[in-house]
Amino acid sequence: MAHILIVDDDEIIAEMASQILMDAGHASGWVPDGERALELLNWRRPDLLLLDQDMPGLTGAQVLRSLRSSAENYDLPVIMFTGISGIEDENAAFHNGAQAYLRKPFEPETLLRQVDEVLTPRSERPRHLSLMDHLEQATGRWRDAPSKRAVF
């Protein structure tokens, strides 16, 4: 079971996606805009973010760029979720750091397949570390490693 946060300004789409995910055994909830999503991420980190690309206020692309520059959420998996069509928008989503791209309207099976494709490889990885914790571990190992200086 994964905890999935949906960020979409369309209540009908968000409710439908949330219900599909819950029926599949995931915990799911949604917020209607990017600002609330970022506020919620300060309180709790989900396993996956389903992010609408085109919203009023902070767009999905802006939220995604904010996540990728965050020490806490730099590696949060994101599926960009949008009614916008066009290869340029899809390329921009991947360039900004999305792991997958799902067009609306969607089939329930497609949504679940995308979620599984993003989450399955991550389930075998070590747990998330904040960027600061990761750097502390990396530099701690470096300091503890025996010095290997070349002699010329």
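This is a predicted model: local features need pLDDT of at least 70, side-chain atom pairs count only at pLDDT 80 or more; totals for chains, interfaces and linings use all residues.
Residues are numbered from 1 along each chain as its sequence is written, and side-chain values use heavy atoms, leaving out hydrogens and water.

Helix α1 covers residues 11-23. Helices are DSSP runs (H or I, at least four residues), as are strands (E, at least two), numbered from the N terminus. At 1.5 Å a residue, the 13 residues of α1 should span 18 Å, and the end C-alpha atoms are 18 Å apart, which agrees. The expected span is 1.5 Å times one less than the number of residues. Ile13, Ala14, Ala17, Ser18, Ile20 and Leu21 are buried in α1. Seen down the axis, these buried residues fall within an arc of 160°, so they line one face of the helix. The arc is taken from the directions from the helix axis to the C-beta atoms. Glu11, Ile12 and Asp23 are exposed on the other side. Buried means under 20% relative accessible area, exposed over 50%, and partly exposed in between (1.4 Å probe, protein chains only). Just after α1, Gly25 takes a positive phi of about 100°.

In helix α3 (residues 60-68), the buried residues are Gly60, Ala61, Val63, Leu64 and Leu67. They fall within an arc of 160° seen down the axis of α3, so they line one face.
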